[in-house]
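Student: I would like to go through this structure by question and answer. Please keep the terms plain.

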Amino acid sequence: MMRFMLLFSRQGKLRLQKWYTTMLEKEKKKITRELVQIVLTRQPRMCSFVEWRDSKIIYKRFASLYFCCAIEEQDNELLTLEIIHRYVELLDRYFGNVCELDIIFNFEKAYFILDEFLIGGELQDTSKQSIPKAIEEADMLQETMEEYMAKPTF
């Protein structure tokens, strides 16, 4: 089970965070600071797996963003790398070559895509067809609601 996922920039700015275990806000900030520091100080040729506390940290850099996940000790690191890669593929498909600004200005869509893909830290659907279809349907529903709300009432 995944404990959390963090997306942060090369400058260490947190862009997205999803926690699947309950923690105090103070503890989340401490963990985030610590992990950003650990990941950013690692050399590019180093392994993307880090043993940390009672978890494993799996991270991958795509363009200017680091995708960082914490998993339990017995979980598969390569599967977690594949989950990160599939999430990036889904973001690319939605945004068309996703970049850091897409995450900053459309964070609610990034969270929605992540929630369609992972629920409670467990992989729900890996289909490259069904997840984008669900996202497209949600977008259509949102557009319909916005049009409905924009109509004048008499």
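**Surface and rings**

Student: Is L141 buried or exposed?

Tutor: This is a predicted model, where local features need pLDDT of at least 70, side-chain atom pairs count only at pLDDT 80 or more, and totals for chains, interfaces and linings use all residues. Residues are numbered from 1 along each chain as its sequence is written, and side-chain values use heavy atoms, with hydrogens and water left out. Buried means under 20% relative accessible area, exposed over 50%, and partly exposed in between (1.4 Å probe, protein chains only). L141 has a relative accessible area of 55%, so L141 is exposed.

Student: How are the rings of F8 and Y66 arranged?

Tutor: Rings of Phe, Tyr and Trp (its six-membered ring) pair if their centres lie within 6.5 Å; planes under 30 degrees apart count as stacked, over 60 as edge-to-face and the rest as tilted. For F8 and Y66 the centres are 5.5 Å apart and the planes at 15 degrees, so the pair is stacked.

Student: How many residues apart are F8 and Y66?

Tutor: Strands are DSSP runs of E, at least two residues, numbered from the N terminus. F8 is in strand 1 (residues 2–9) and Y66 in strand 5 (residues 65–72). The pair links distant parts of the chain, 58 residues apart.

Student: Is F8 buried or exposed?

Tutor: The relative accessibility of F8 is 0%. F8 therefore counts as buried.

Student: What kind of aromatic pair do Y94 and F95 form?

Tutor: Their centres are 5.0 Å apart. With 90 degrees between the planes, the pair of Y94 and F95 is edge-to-face.

How values were computed:
Helices (H or I, at least four residues) and strands (E, at least two) are DSSP runs, numbered from the N terminus.
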